Number of protein chains: 2
Amino acid sequence: MQEKDKLNILRHSRHDWMNVVQVIKGNLQLDRKDRVYDILNEVTRRAEHEAKLSDLNTPDLAYKLITFNWQWQKFHLDIEMIGKPIDCARHEMCWLKFFDQFFEKLTEQSDSMTDPNLLVSFHLQETPYIEFDFQGGIQDMKNMQEWLAEWKVSSSCYVENIVANEQELVFVLNKK
Amino acid sequence: MQEKDKLNILRHSRHDWMNVVQVIKGNLQLDRKDRVYDILNEVTRRAEHEAKLSDLNTPDLAYKLITFNWQWQKFHLDIEMIGKPIDCARHEMCWLKFFDQFFEKLTEQSDSMTDPNLLVSFHLQETPYIEFDFQGGIQDMKNMQEWLAEWKVSSSCYVENIVANEQELVFVLNKK
């Protein structure tokens with residue numbers, strides 16, 4: 001990799017942290033010590049989940065998810081890892097394909113007026129699965145459900161347990 | 001660049017920031033609010049200098065300096081930028097050559113028992129120059145001075161204004 005690209009990664013990371021520093025300073029000035037603790041605990045939690053995600057041996061997926069919020073997006077992404085990191089290299093190709101297409105679909109369909117948030121939870125066990133919990137409006141839910149239905153019959157990973165209503169979309173991505 | 005390398009950069013950066021978060025938490029618990037402000041101001045200052053260094057159009061040198069302390073080193077490096085970022089691309093080759101050789105020399109010669117620190121100040125003006133301020137013991141100062149003397153006659157950048165004694169080594173790297 002070119003040093004310019006490396007500097008760019010550091011620039012984004014620095015920018016994220018400077019935002020945190022500003023929020024901490026603001027709360028300190030207002031003497032809201034409890035709020036400062038909350039912020040510190042939240043960034044620690046996030047850092048721990050990112051570190052675990054980086055340890056799944058799925059570098060393309062990990063980098064994509066960790067840096068997702070660096071650009072302006074129609075929804076905010078939050079990730080969490082449940083369980084200890086395991087080698088998920090053999091799942092990466094199917095996961096990547098699903099994430100790419102789902103992010104594209106959600107960008108097209110999510111209603112940014114509802115401050116949408118997608119929580120992605122990796123359940124790290126012998127056969128790992130991923131839970132998607134989207135909170136926010138979806139413009140054409142019928143279209144979204146038709147798209148998800150196609151993934152119910154995919155050969156290597158498939159969607160199940162879909163819960164969909166006006167303000168949320170929850171499902172699981174499992175492996176055969 | 002491979003995504004693995006990118007994740008590695010993020011891992012180092014995250015590790016640095018988690019250290020800062022721990023120190024802030026510790027000081028909050030001891031109710032040392034002033035110390036927390038000092039830490040926040042110091043990381044902000046460092047981030048600002050790193051951002052400026054990244055804007056000199058000298059990516060190889062910038063990446064080398066910003067990431068220098070990521071590995072264990074015999075001395076600590078601190079950088080500061082005096083003035084506004086300017087395009088220093090034409091100086092990069094000579095600077096890189098000097099930094100590589102000086103860091104090697106200093107690693108060989110610095111006495112790690114003295115908690116050595118090297119402050120590198122870039123003076124950003126029409127003809128930029130770099131000030132080196134090393135505080136710490138040097139094992140064989142005669143050898144170090146002989147090495148510096150060779151740089152007094154270099155063709156594209158040269159060393160001048162050397163001040164050397166038992167506990168410090170200060171000089172300027174200028175351009176012809």
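Biologist: How many disulfides does a search of the whole structure find over all chains?
Modeller: Bear in mind that this is a predicted model. A disulfide here is a pair of cysteine sulfur atoms within 2.5 Å. In chain A, C94(A) is joined to C157(A) with an S to S distance of 1.9 Å, and in chain B the sulfur atoms of C94(B) and C157(B) also lie 1.9 Å apart. Over all chains, the search gives two disulfides.

Biologist: Is the disulfide of C94(A) and C157(A) left-handed or right-handed?
Modeller: Happy to walk through that one. The bond joins C94(A) to C157(A). The torsion about its S-S bond is about -85°, so the disulfide is left-handed.

Biologist: How far apart in sequence are the parts that C94(A) and C157(A) tie together?
Modeller: The disulfide joins C94(A) to C157(A). C94(A) sits in helix α4 (residues 92–109) of chain A, while C157(A) belongs to strand β4 (residues 157–165), so the pair ties together parts whose separation in sequence is 63 residues.

Biologist: Is C94(B) buried or exposed?
Modeller: Residues under 20% relative accessible area count as buried. C94(B) has a relative accessibility of 9%, so C94(B) is buried.

Biologist: Which cysteine sulfur is nearest to that of C88(A)?
Modeller: Good one to ask, since C88(A) is in no disulfide. C88(A) is buried, with a relative accessible area of 0%. The nearest cysteine sulfur is 12 Å away and belongs to C157(A).

Biologist: What distance separates the ends of helix α4 of chain B, from first C-alpha to last?
Modeller: This helix covers residues 92–109 and has 18 residues. At 1.5 Å a residue, the expected reach is 26 Å. The model comes close to that, with a reach of 25 Å.

Biologist: Are the rings of F99(B) and F122(B) stacked or edge-to-face?
Modeller: A pair of aromatic rings is described by the distance of the centres and the angle of the planes. The search finds 37 aromatic pairs over all chains. One edge-to-face case is F75(A) with F134(A), at 6.5 Å centre to centre and 85° between the planes. For F99(B) and F122(B), the centres are 6.3 Å apart and the planes at 10°, so the pair is stacked.

Biologist: Which strand of chain B holds F122(B)?
Modeller: F122(B) is buried, with a relative accessible area of 1%. Its partner F99(B) is buried too, at 0%, and lies in helix α4 of chain B. The pair ties together parts 23 residues apart in sequence, because F122(B) lies in strand β2.

Biologist: Is K52(A) buried, partly exposed or exposed?
Modeller: K52(A) is found in helix α2 (residues 33–54) of chain A. Leaving aside neighbours within four places in sequence, K52(A) is in contact with M81(A), G83(A) and P85(A). Its relative accessible area is 29%, so K52(A) is partly exposed.

Biologist: How far apart are the end C-alpha atoms of residues 58–171 of chain A?
Modeller: An unreviewed UniProt entry annotates this span as "domain: Sporulation initiation phosphotransferase B C-terminal". In the model, the span is 32% helix and 30% strand. Its end C-alpha atoms are separated by 22 Å.

Conventions: Residues numbered from 1 in each chain as written. Chains lettered and ligands numbered in written order. Predicted model: local features only at pLDDT ≥ 70, side-chain atom pairs only at ≥ 80, totals over all residues. Heavy atoms only, no water. UniProt positions renumbered as here; feature names shortened; annotations may be inferred. Helix = DSSP H or I, 4+ residues; strand = E, 2+ residues; numbered from the N terminus. Expected span 1.5 Å × (residues − 1). Phe/Tyr/Trp six-rings, centres within 6.5 Å; stacked < 30°, edge-to-face > 60°. Buried < 20%, exposed > 50% of the residue type's maximum accessible area, 1.4 Å probe, protein only. Contact = heavy atoms within 4.5 Å.
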